[in-house]
Amino acid sequence: MAIEVRVPDLGEGVEDATISRWRVAEGDPVQAGDVLLELATDKVDTEIPAPADGTVLKILRAEGELVAPGEVLALLGDPDEEVPSPAAPTPQEAPAPPGQETPVPEPTPPSPPRAEVKATPVARRIAQEAGISLDEIQGTGPGGQITKGDVLRHLEGRGAQPSAPSEPVQGLPDEFADVASLPVRRAAADFNVDLRAVAGDRPLSSLTRHDVLAYAARHKGLDHLPTAPRYPGPQEVEPPSARAVPTVHRPAQEPTSAATPAPERLPGPEEEDEILVPHTRMRRLVAENTARSAFTAPHVTTMWDVDMRAVLAHRKAHKEAFARRGVHLTLTAYLVKALVAGVRAVPAANATWTEEGIRIKRRVHVGLAVALPPDEYGLGGLIVPVIRDADELSLEGIARRVNDLAHRARTHQLKAQELQGGTITLTNYGTSGSRFQTPILVQPQVAILGVGTVEKRPVVISQGHPLEPNPGDALAFVPMTTLALSYDHRVLDGATADAFCRAVKEALEHWEGE
Amino acid sequence: MSASISPQILPSEAETRLEVQPLPLDRLQQMYRTMFLIRRVEESLLQAAEEGKIGGAMHTAIGMEANAVGAAHATRPDDYVTCTYRGHHHALARGMDPGQAIAEVMGRATGFAKGKGGSMHFVDPEHGLMGANGVVAAQVPHAAGMALAAQLRGEDRVALTFFGDGALYQGVMHETFNMAAKWKLPIVFYLENNRYSEMTPIWRTSSVEALYRFPRAYGIESMQIDGNDVEVVYTAVAQAVERARAGEGPTFIEALTYRLAGHMAGDLETYRTEEEKALQRQHEPLMVLRNKLLERGARPEELEAIQAQVEEEVQAAVAFAEESPWPDIAQAYTDVFYL
Amino acid sequence: MTAPVMAQAAPEAAVQMRKTTYIQAVNEALREEMRRDESVFILGEDVAHYGGLFRVTRGLLDEFGPQRVIDTPISEQGFMGMALGAAAVGMRPVVELMYMDFTLVAADQIFNQIAKYHYMTGGLIHLPIVVRGQQGGGKRYGSQHSQCVEGLYAHFPGIRVVVPATPYDAKGLLKSAIRDDNPVVFLEHKMLYFTRGEAPPAEVEYTVPIGLADVKRTGQDLTLVTYGYCLLQALEAADALAARYGIQVEVVDLRTVNPMDTDTIWESVAKTGRLLAVHESYANCGVGAEVVARAYEEAPHLLRAPARRLGMAPVSIPVSKPLEDEILPWKQQIMAAVLEMMRA
């Protein structure tokens, strides 16, 4: 009886894996534990061992193919055993979708993995958004995989419209802003037109041939040139299949007319060399907010090194007690608290620039930037829940809220109002290993405090004059972190921003209380 | 008879002995100034090319300055001139602004052709320079067409076309000799014989030894002169222009000269020896004129002062070019048609 | 800047038209423009005393004298270069190439010099030159005297390319060409010279703008884009297709290959959904390929079936009548191409 080699459970959230290499061939004898093949997922690469001794009877999936947990990869057995047709792959038990309470700026979570149907991630997304089952669709990709094109064809057949791809791609990246199209360049050359004069403040890429012709008609006295198309645009033309075929009367010996076939669909570029990942609502929001912020506020970032011995000692001393009360005491809680100290020292850091004046906020609502796990393309997400009135909370109160918000952010359970009203923001990229970044402000706030990783660094411990050599000078290895405060230079200046940082540093280095 | 295809012949050994009337001292000093300006502009351009500031092919006329300056002084600003891609000296001799010239070679918006023409396409209609040309001999019929226009309109303008020894073997050269002679066009054919067609000495490719004899087959008056003596050049061109204005048709001047720099920036110059260059340097045009000036009573300080002034002017021109903006990309599409 | 180049004046509607030949129309345009502007002069081989190999310049020497109608030696490169020089200093030369095949003899002067001069000089010098002459097959002149060269000219920037098919268009476009401040190549066809058509009387002033196509026959099934002598072949083919198969072909006469009036073409294709470009010059890398490529560039949504072009196959032009007839993309080939497209 042949033994099936299946794709194991690859971990939470991993829907599929690619076969990177087979280490055995059909007919090879293997022993239990020998590596049969290597699988690559977006998270890890893994080796699949032989579940038992035997001979590789049949390899069912080729290198480069996408496979899902539970799928049969190969059959092992006696060398002279007849190869049975593989049993239908058993899908793994799908995890229950996380509960959804309220709308948050995050797309619908991905549907449970459908191990029995092979589809590209984009195809899955489109199918899901259009509310159709992948079972209905015939895959044309490698190994019967369902591609985006398959889903779109299917939808076209049904008359339904997928929501994501109907949004046109908005222009080209900025570096191509001045790349005019060939018809535009040709028209400029034909009629000696300065494209800048036609474009004014617009990028050259926005010009149409008729813009140039209209300009030439006006400024070069070429009144015969058409200033606008006299033919319908792409939106105004009915699809080929809907159009009437001209009636052709033919003598008997002439072959009869055939209807014009709809032009054959060619694969879109995303099925060739690139993949179009439609924007999630979150990606759009992040893009819009960061871009708006970067072009609104003049950003400056100031960096401060902080000795974390006091905080770490405090945390070590109180961690268990907090845990007993159900609170995971994170460094983030200390940082929120220290940030509040900064606001006390420099209230203008907790403010908004307006044309009338600078609005100083009496209440301190601290936004907490939380990263969401990336998808298979490394596209992550960012969400900023808010700890309201952080200045009135104890360390424990802050720690509780940090625990709660971070957990619910990652499980998509935040309420919309929990994302609003922040007055200043903390971002702890130290958790992903970074020493410092230059954060972008969350509009309309004027300050965002970034915290880098805490690590031991050599520090000079000096008793005497700070700059002159002293006999007692020594190197110590101190857990340090680097704070980076990005601030809106319309409101804060270098000195005031540093006053804020000094207060934060003081609070952390001389941690007292609770 | 001089075998003018040999690089061993000095320009001073040219066949035709013209009666040269000495030019006034101030005129000669003016000529010296322009010749020195050309020399320094060319040297600055070569340096810029070595520094990577200039792309493509750039051909300098170091050692050939007297041809341009003598001819420019012998013609009127409203006469027409065409020349070869080795044409910086003709433009500067006729009065082109050195800053615009250098900017053009560097492809800047302030160049005379907005950076579209470059080193090989010098043009300055205001001073009568109607175009240098990147194709050997192509500029020759252009000058004939300008002479034809002057003739059709009954004007007394003359066209002067410069070309190198290599151009003599292009068919269009002979087509133009024939039509110019047949129609008695007011044109001067000026051969700058520097003995090299690009990287090949002309003696390797020419079946004729004395190049000025070519056009005689078409009945064109011709002479062979010292192209490194600006007074000789002036005299020869003045005579030819006079004939042309009088309706007596074309004249052909073979001016012996020598290119002291390579064919183009970056030329390895494997085709000639240092000895040959040293020989030719004995009669290079700036030195010839400088000696002449000193002989005729000019003081060395005067010449130093001229040189210092030119030095300053050239430095300013280079700075102007280097600080000039690049043309806007939209300019790539203009000037294809005149509208 | 001078007056607009593409002068336009529609003939008065009330003008009584008369029948005239193509050759007469070209001759009249030359005569009228030479009377109008003293800077216009003609040079070429056999143009003055003989009156042109095809008698296009007949009588001009008598009226304008040897200064303005000049017999040149057989030096195409030389006199083409002289035309450049004369134009650079304000004259308006009209150069006749006896056969347009000799474009290739003068190629450096035309493509490297005349076409580029305005651009190379950064706009300092412009060249009002007309190069005109006859081209094309059908008279058994063989390989070096029968080629159509509009595609060659249109490949290069800086030259307008005009290929009129009717006496009316020939006269109106040649006048525009001579008044244009840019190089214009004006291509006649040896089969067109003795064709007749309606035109206003000699004394009635009109021009046809360069760069404007004209719909010569309307139809709703297929847009056939052509110009020059092929227009006459296409019109005959269209009539036959209508009579025998009920196919109504719309025939767009491009008249000018460069610049190309694609708007008029797309306007027609919007109606028919089918596009066929036809010309006698080589199909390879030719004008028809350009028309089709632009259709996919500028208005692909209008095409209901793949656009096509029909031109001469890549062979030299033979002298033997059946062989020459075989390769010319005229009526038979046009009808076959249209039927094939309608069937697809």
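How many residues of chain B are in contact with how many residues of chain C? The legends below take up this point and two further views.

The model is predicted, so that local features need pLDDT of at least 70 and side-chain atom pairs count only at pLDDT 80 or more, while totals for chains, interfaces and linings use all residues. Residues are numbered from 1 along each chain as its sequence is written, and chains are lettered from A in the order in which they are written.

**View 1. The side of chain B that touches chain C.** In this view 33 residues of chain B are in contact with 35 residues of chain C, contact being counted if the C-beta atoms of two residues, placed from the backbone, lie within 7 Å. Strand 2 (129–133), helix 5 (139–153) and helix 6 (171–182) of chain B each supply at least two residues of this side, and helix 5 of chain B gives the most, with nine residues. Helices (H or I, at least four residues) and strands (E, at least two) are DSSP runs, numbered from the N terminus. By class, this side of chain B has 21 nonpolar, eight polar and four charged residues, where Ala, Val, Leu, Ile, Met, Phe, Trp, Tyr, Cys and Pro count as nonpolar, Asp, Glu, Lys and Arg as charged, and the others, Gly among them, as polar.

**View 2. The side of chain B that touches chain A.** Here ten residues of chain B are in contact with twelve residues of chain A, and the side belonging to chain B has seven nonpolar, one polar and two charged residues.
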